[in-house]
Structure formats: C-alpha cells, structure tokens
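Good morning, colleagues. Please take a moment to look at the sequence and the model before I comment on a few local features.

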Amino acid sequence: MTSSVIAQTTANTSSKNPNVIFILADNVGYGDLGSYGGGELRGAPTPRSDELAKSGLRLTQYLVEPACTPSRAALMTGQYSIRNGLSLVIIPGSPSTLSGKAYTMGQLFKDAGYSTALYGKWHLGSAPQSLPGAHGFDQFYGIPPDISWDSASLVPQAIQTHSFGDVPDKVLYDKGPWINQQKGNGPLERVKPYTMAVRAEIDNELTDKSIAFMKQQNAAGKPFFLYLPFSMGHYPNLPSKQFAGKSRIGQYGDKMMEGDYHLGQVMDALKEMNIEDNTILVFASDNGSTGQTVMHWDRQGLGAPDMGSNGPFRGDLGEATEGAVRTFCIIRWPGHTAPGSTSNAMFSIMDFMPTFANILGAKLPTDRAIDGVNQLDVLMGKSATGNRESLLSFIGPDLVAARWKQWRIYFKDMNRTGTGQQTVGGLWANSAPLYTPKFYNVEMDPHEDLQLTNYAWIGGPIFKVVEEYLASVKKFPNPPPSNVTNFSQPLSN
C-alpha cells in the first residue's frame, strides 16, 4: 500500500541538518535536458544540469500531477492535490485556494529551525491563509500567488482588444498583475508591474535573490530551505537579453539554456561558500511540456514553436497521459546520493515531503492522509524499487487515471477538443467517460499506442489501490473539488 503513509521519526543521517534547495522548472519535458536525451541534441545545450546529473542521482520514473497548481499543491503538502481542493489550475476569481489548515513543506522546515524562502511562482492562492508567509516561509518574492507566468500578457492583451473601453493604458497597468513580496506572515506588498519586459528578465532577479539569501543564512550559521520555482519552460518563454538567440530552436531553447545557466549559478554559489557537501539540491519540473496549444508564442515571428519535448511519452501538460505527468528530476546530496547514478524507482512529487521529514527526524501530522512515501532508500541507493508501486491521477473532481507498476490505466479518455482548423489537447483536453478502463504497458510501449485489451486482470490490483484511496476519503473527507465550469459553488473566497 502506497497511500496514507506517515514518515516515522528516525535518527538524522547527518550530524548536521543539511541545507535544502528545491529548484522547480515549469513545464519542462522529459526529453528537454541533455541528461535525458535532449540538450545539444535538441539545439539547446544544458551543460550545468548535465553536470548535476553526473554528480548526483537521476530519476527516470519521476511522476507529477497533470498541471501546475496540482503539482505544487502535491509537492508542498505530500498529498494528492484533490485533498486540498486544488486539482485544477487556479484561475483568479475562482474559489480555489490553499487551506490555512494545510501543513506544507515550508512549515516543516520552519518548525525544524530552518530559515525559509520562496522566490518565484507559488500558484496556490491569494487568500490571506493561502500565502507563503502563512505556510512557513520567511521571505517571498515573485509573481502574484494566484497566477502564472503568462499573466504578463494580460494588460497588453486587454489593451489590444479594447476589452475595458477607453480606460487609459496607465490605469490598466496599475490594476494589472504586479510583482509581490511578503516578509513572514505580513501583508502582501506590490513591488512593480509584471510586464512582458519584466517576464523576460525575472529569472535573473529570482536567482540573484536566492543566492543572496543563501549567503546571508550561511554567514549567520543557520540551515536554510530555499524553494526556487522559476519560469524556465513556461510559455511565453521570453529569454533575457543575455540568452536571446543563443539556442538553435527559438525562444524555448533560449530559455532552456538560460535556466540551465541559473542552475549553474546556484551550484557555483554553494561551492564558493563551501557548503555543497551539506546541501541537498533538487532540480525537477512540475509538469511535462505543453504541446501545440501554445506554440504560437514565438515573439520573434519566425515560427519557432514555444514548446518542449516529452521524450518517448505521449501527451501534453494538463492531461493524465505519461508525457504530461512524467518528467525529469535530479537530486544531489554529496556523501548520500551516488555520483552519476540513475534510479527507475517510481517516485512521486508527493514523496519529497515525507522523505525530507525523515531526514529531519520530524513527524508529519496524523490528522490527515499523507499520500507521499519516504523514499530515502532510493536517494541513498539502498533500494532499486523504492516504496511506491502505484499512483492516482485526478483532474478536477474526477479520478481519471492510475499507474500500477509498469501499467498505465485510464478511467476517463483523454480526447482533443475543438473543431475546424483548431483542435487542442493538454489543459483543454476532454476527459470522456469510459465503461471499461484502457490499459497500456508504458515500459513496452512508452508512447501508449497499443491498448492491451486482453490484460484486463490488471484491474484487480489497481482497483485495490482505488479502494484504499476511497477508504481514506471516508476517514479524511476531501473539500469540494476544483471545478470552474460548474457554478453550484460560489466564485469568491
């Protein structure tokens, strides 16, 4: 059983609690980095992430949730996103927001005596009880906590379409999205308008602030948890001036190279401070890459698609297909993760919470289901298979798919929607009802081209996992699930 596992208190594996840095790329696909078959081969070299892979552990079966908000909720809480009502991307004005009762990774490290900081994208809600400062983060700087990177285009689009009549441009920019900051659990403060120009350079700011935070805490002799969810991979992938035109595949490749450079800056700072041996560095993506639905974001007008590669796997961000929920993850912890190692253990984004709790010698709350499992043995190279063999996937209120060992099972079909010149998938895919599940062997058939109708016996093991989940919901009921097309719920927080 892989659900509802509570990390047990154990002796620390180090006499000194390690610093932890979690760098989260945004919609970078399995096949984008050099260490996963992309990089130079795709026209966008990623030497620093390749270097990280050579010095640490590369996961090849790292699984996330179907979209940005769900994955970030799962990472922060160690729970399926539906347990916090966050199983769809947050849309401003909808009731979706992180509960003040949620126990997050920020609070875990704060309770363990760490200094904590978040620079970048939160995307878990803007209600006061949902803000980073309400969940253990000492410092926050980034885009508004209920939106994503593409919101920089909101004001230009409103101006272009005259959507607000004769409202002056200045008024629109004043009312549009701003870069925010928060100190502790204080008020959210506006810093400057979040424009397309700011979008292009934002990762420079976030990296500089991250390194300054690291140096400040190191000088004070205090362990730190740094969460750096930057914009690498999320449309529009507007590169900074330093990296514009650097790749051979347009702005998406430019942003891959830029993000790789920023990772290298963090690695260099750790080396300069002589603390890399006592620092866990995780570099991962929240989702697989977007598909053709947003490929038109090419700012240069040359037709290069703003989209990545999901390697051998099928599907786009927003679906429950393997390509949408399987992406890259590299972990380096000198003296613990073997250099140049690879693990094919099934590892969920939820598993970091109980794994970190185990390293800290901390207990997670017992008044809720914890769906993540402790994977320290995978990090340490002591287990080839780890503590997980199944994973469920939710979209809105629906359980749409599952993994059990090498099998992917669908309870809803992932269909493209639209007519005429445009049909779209990903976030806009239609989850059509099925009377009989679909079964695929993603080891034999990673692209999910061959439906194995004669393997219906797989339903037995996976239905058991579903029953265990349903039993946990009876004990710990879920809040109302995300739904932004059913207006039986109020549309305000």
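Asn274 sits in the loop between helix H7 and strand S8, which spans residues 279–285. In this predicted model, Asn274 has a positive phi of about 60 degrees, although it is not a glycine. Most residues other than glycine have a negative phi. Is Asn274 buried or exposed? Asn274 is exposed, with a relative accessible area of 68%.

Glu448 also calls for attention: its phi is positive, about 55 degrees, and it is not a glycine. Glu448 belongs to the loop between strand S15 (430–441) and helix H11 (459–475). Glu448, however, is buried, at a relative accessible area of 3%.

I turn next to a peptide bond. Tyr235 and Pro236 are joined in the cis form, with omega at about -10 degrees. Most peptide bonds are trans. Pro236 is located in the loop between strand S7 (224–228) and helix H7 (251–272).

Let us now consider a charged residue. Arg58 lies in strand S2, residues 57–63.

Finally, I come to helix H9, residues 352–360, where nine of the nine residues are buried. These include Phe352, Phe356 and Leu360. Just after H9, Gly361 takes a positive phi of about 70 degrees.

How values were computed: Residues numbered from 1 in each chain as written. Predicted model: local features only at pLDDT ≥ 70, side-chain atom pairs only at ≥ 80, totals over all residues. Heavy atoms only, no water. Buried < 20%, exposed > 50% of the residue type's maximum accessible area, 1.4 Å probe, protein only. Helix = DSSP H or I, 4+ residues; strand = E, 2+ residues; numbered from the N terminus.
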